[in-house]
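Here is a short report on a metal site and a strand. Look at the structure first, then read on.

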Amino acid sequence: MPPDESAQNSVTRKIIHIDMDAFYAAVEQRDFPELRGKPVVVGGAPDSRGVVATCSYEARVFGIRSAMPASHAYRLCPDAVFLRPRFEAYRAVSTEIHAIFHEFTDLVEAVSLDEAYLDVTDSQMQQGSATLMAKEIKRRIREATQLTASAGVSYNKFLAKLASDRNKPDGLCLILPEQGKEIIAELPIGNFHGIGKATEAKMKALGVHCGSDLERISLESLIQHFGKAGEHYYRIARGIDERLVNPNRPRKSWGAETTFQIDLSDKDEMLEHLVRQAGGVLQKLTQKGFQAYGVTVKVKYDNFEQVTRMRTLGRLMGEPMDVSQHLAELLDRTEAGERKVRLLGVSFSVAERLQSTKAGQLDLFVLALRQP
Ligand code: TTP
Ligand code: MG
């Protein structure tokens, strides 16, 4: 058994879930003080077909939410400030907060730029108190980034995640083992993490509206209706979630994108830009021990219409030069040049992180299989 697993198999674990508050919008309000206290919407332009990535808490009062069309958000609050995302800024913050997490434990599972699980069962920081560690992590994040995070502390991932959501923003919530079942019993089924709209509707059709209803359904019935996920629902209803914090969870893709001050019309200039971007991303992912097996180019034209072109890479790449040919071909499959371009992005889908030479050989094999 790898050391990570044995460490995590102790009976009572201490899990912290950290999630930044209104992440993209908070970074914008930090960097542009005139936006503080105002409804800020980050995402597509209100006159585009884009969607809301997130919005400040001031904007949430108007009913604006993530994934809503930006045009809808505009109707809800025409006075809101609508901003395009600045991924570089969010990534920089993400790097800072992840460095803070790693000072508390190596068992950090990065879920997204702004969210992670930490297994601190064996951490000796703060005399081993997970709640004090969560408090200290929040303090360190604020000190380093001037941003607030919410933290949840509990004995498994499901409850830690639930806890971090309870007192947002700037919250800290502890769910003790003896409280877990009761909290889940009262939880509306639509608020279960991992239960989306479709599953929620199916659950309601079965008469399941909250956790206590779920607990009354037999394992057989749950498996019959939901397949393998049924087992997970069965355990969750009882406050049981044995999923480990996986520090090697691979990020599915790594990328960068830039919105230009002035739309580009020269294709050579676009390619040059893509190659430079790709070089930076490749360097980062190689540093982290990942290998790319696919590359995607994203082009947004001056009317905000957006296309992506993807290809699988036939061999491993380390050097930006290796990828420039692919980028040129992908760009050729768009109308860039004939049409002006306001945004260019490049991202790489990555294979599993390399643990050892043996794993490396395996990766080569997988890559060979993935060749078109
Ligand atoms: P979340 O943590 O879900 O949201 P949030 O941090 O903005 O707000 P909260 O205080 O409720 O945690 O997502 C983190 C970032 O991911 C968010 O700032 C923007 C991005 N995002 C999208 O781009 N699209 C989406 O649909 C969601 C949910 C998030
Ligand atoms: Mg968040």
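## Strands and pairing

Two strands pair if DSSP finds at least two bridges between them. Strands (E, at least two residues) are DSSP runs, numbered from the N terminus. This is a predicted model, where local features need pLDDT of at least 70, side-chain atom pairs count only at pLDDT 80 or more, and totals for chains, interfaces and linings use all residues. Residues are numbered from 1 along each chain as its sequence is written, chains are lettered from A and ligands numbered from 1 in the order in which they are written, and side-chain values use heavy atoms, without hydrogens and water.

## Strand E10

Strand E10 covers residues 292-301, and nine of its 10 residues are buried, so the rest of the structure largely encloses this strand. Buried means under 20% relative accessible area (1.4 Å probe, protein chains only).

E10 pairs with strand E12 (residues 341-350) in the antiparallel sense, over nine bridges. Here valine 295 stands opposite phenylalanine 348. E10 also pairs with strand E11 (residues 306-312), antiparallel, over seven bridges. Glycine 294 has threonine 312 in E11 as its bridge partner. E10 and E11 form a hairpin with four residues between them. In the turn, phenylalanine 304 has a positive phi of about 75 degrees.

## The magnesium site

Asp19 (OD), Met20 (O) and Asp114 (OD) coordinate the magnesium ion (ligand 2) at 2.0 to 2.3 Å. Donors are N, O and S atoms within 2.8 Å of the metal (3.2 Å for Na, K and Ca); water is not among the atoms, so sites may look incomplete. The donor residues are spaced D-M-x93-D in sequence. Methionine 20 lies in strand E1 (residues 15-20) and aspartate 114 in the loop between strands E5 (108-112) and E6 (115-119), so the pair ties together parts that are 94 residues apart in sequence. Methionine 20 and aspartate 114 are buried.

Terms used:
Buried < 20%, exposed > 50% of the residue type's maximum accessible area, 1.4 Å probe, protein only.
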